[in-house]
Amino acid sequence: MSNDENGLVRRWFNAWDVTFHGEIYKYPEMKIYAKYDGPETPQNPGGGGGACTPNIGPPSQGTTMNKSDLDPNARGVIKADNRDAEQFDVLKGIPTSESLYTNAIADNYLFDQSWARMTGKTTYDCSVTLTYEREWTIPGPEVCPPEGACSPGPPVKTGDTVTKPYNFQITRDYSYWKINKLEVYQIAKATMENYALPGTSVTMLPSGYTPPTLESRNDEAVESHVTPAPTAAISYTPPKRTGGLNSPPDVPDDTALLKGMAESNTPQSKVNNDLVKFNNTKVMDDAEATKNGPTPTNIPDPTPIGRDVLYKPNNMISSSLLNKANTTSSGEIFYDLLPGNVNGGANKTLPIPGINTVTVHTPVVNYAWVSDDQPHNQKTVPDPTSSALILERPFIVRIPTSGQHLDVANYPGYGNRDYAKYFRIKQVQFPFDVYNADRSQFIPAETWVDIPVNQLDTPFYLPVWVDEGHYQVKFRNIAENAPSTFTTQPDANTNLAHYVATDTVPVEVIGRLYDFHVTDISDYNWENVFRKQMGSSVASGVSYWTGTNGIDGDPRGNLAPFVLPIRPGSHPVQGFRNIAVKTGYHVKFDLKTKGNMFGTTDGVRITPTFDFVSKDGTTRQAVDLYYHRGQERLIRIGSPQDLEKRFVVLNSRLRNVPGTELGDTARYRYTYELTAQERNQTTLAEYMVQLVDQISHQKTWVGRYDWMILPASIRTLIGPKTNIPRV
């Protein structure tokens, strides 16, 4: 069939069966013309297809999960060792040479997190082309009989194909979580500063500390988080479209159908979050998920570290540190940023607030004591408030390191105890010359003498030239941290401004009267005892002493019977054993003194008493003694009638005073007792001759029977004259 120029459809038949009602006719080589206005009948069936191409749209930030804990909740203390058994309350006081511990508590980690939910769409651009097959009818060719008018022939089918492109979009929602910020910090160390700490600062490194672990992966690219699902190709053959007579069918809009096919062929996108793994637990899971990434959790809240993590004991307070009250403390804790952080962060140094103050107060006490030599104190009325120091005798000073300091109830670690640990030195100062115990070292008056701290008692020796009298012996105990210039406080330095505890002990230096012995009896029956031969003035050297021991208790060497009192049996010569001293005969004696008995008005007073002693010596009774004088009878000694004077000649024939003693006495008198005018009138040599030959032979009234005073005129000076230190 073809169209001619008149728009008619021309079909040529070689043989065409024409149906006539009632009869069938065969027309060879017959031409039939029919007019056709529609398209040419399609040669191929309809159908088609296409595909969708995904495009990941940019995400937008939605919900965020923000949480942080950057406050370490730090606290700390500085206290006295040992922890839980602190000897001192550092708020009140702690001495040097004691140790402190530092202890910090804080959270075991810090963190700052920000998670963001990223949402978006994946757009699928779909392109589909379909070919539609259409069919309709047109009037058939006219039937023209040989005769008569032509009539319309029966309708005939016709059709075509129409190609139609489709372009549309489908979308798939997606969401995932990403890290906006991630910071986790572990403890690196802690420091504390205080005046009392070594070098004023200590560092505590973590011990037994388990730091947090962190693993993270972060990618800002959406392509790393969203994987569009593959979609199947769209293939669709639409049904043939059929029209009516001369009415081609319309081509439908199959967009919805095709879009539905695309929707059903396209799964949801695959997504994955960033990764946050904290302490081996996934806080943000990066496992692949469909459409929506799983919601993350928060990093757990930190917990306080154990008390042994940041703990440093045995921080010794320097022995040179001065006392100081309420010294302030400060501290810092250092956190290091862990690897795996996202978007910033840096190591942190944070304060440790509220650390207590420390008061440094090094205690010393001083409760000194000086020995009281009562057994050798010859004073008739001893002074109970002073320790008796006897010339040329040893004595002891005791400087304990223990005693009462601050009240232990309010000041733990102080109280009444031994403080030797905190002493630098103990010292004593005498207001008079002394020697050390073995007299190998001379110590001038007003000299501070060092005493080893751990030595409780220290012996000294009192030389004979010290003036008798009352004195104050000074003591001071110096704390180990005392500066070169310091102040003092009696007994104990309870005020920390002072570094020295002082004490004073009252003493009385006392001389001695000793070596009293009878050197001669004028009774002729005793001449052979005291003289080498009868009628001679040369002494035999025999004396009768008070006891057998010397001044300090050592044996003198005199044995019985040369011991006072002189009684029957005291005479050493055979045949004279029962002889006693007859009444009316005088005896000669001498004695020695140590101390201030060298002045012109000094003397020794002797007050005799008279007792009756039974023959067996078991009883003793005081009695009055009487004597006759000329016609006066029974004069009681000590009565108003007792006016008898007694005289002594120093250099008498039978007294045997050594010439050296007389010479020394003359020299002393000339130098210290004569006035300058008197010395100008004579020389020393002349005065020595005058004293030996004249003055010493003069009678000296010494008293009566009931009292006797031995004045300076019958005194000689015997030394010492050697080994006297020069200061």
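**Close-up views: disulfides and sheets**

C144 is partly exposed, with a relative accessible area of 36%; partly exposed lies between buried, under 20% relative accessible area, and exposed, over 50% (1.4 Å probe, protein chains only). This is a predicted model, in which local features need pLDDT of at least 70 and side-chain atom pairs count only at pLDDT 80 or more, while totals for chains, interfaces and linings use all residues. Residues are numbered from 1 along each chain as its sequence is written, and side-chain values use heavy atoms, with hydrogens and water left out.

**View 1. C144 and C150 form a disulfide.**
A disulfide here is a pair of cysteine sulfur atoms within 2.5 Å. In this pair the sulfur atoms are 1.3 Å apart. The link of C144 and C150 is right-handed, with 120° about the S-S bond. C150 is partly exposed, at a relative accessible area of 34%.

**View 2**
Strands are DSSP runs (E, at least two residues), numbered from the N terminus. Both C52 and C126 are buried. The count comes to two disulfides. With bonded cysteines counted along the chain, their pattern is 1-2, 3-4.

**View 3. Five strands make an open sheet with antiparallel pairing.**
The order is β26-β28-β35-β32-β33. Two strands pair if DSSP finds at least two bridges between them. At the edges stand β26 (369–370) and β33 (442–443). Each has a single partner strand, so one side of each is left without a neighbour in the sheet. β26 pairs with strand β28 (residues 394–398) in the antiparallel sense, over two bridges. W369 has R398 in β28 as its bridge partner.

**View 4. Three strands form an open antiparallel sheet.**
Their order is β8-β9-β21. The edge strands, β8 (75–80) and β21 (310–316), each pair on one side only. Neighbouring strands of this sheet are turned by 15° against each other on average, direction ignored; the axes are lines fitted to C-alpha atoms, and angles run from 0 to 180 degrees between N-to-C directions. β8 and strand β9 (residues 99–105) run antiparallel, joined by six bridges. I78 stands opposite T102 in β9.

Methods
Helices (H or I, at least four residues) and strands (E, at least two) are DSSP runs, numbered from the N terminus.
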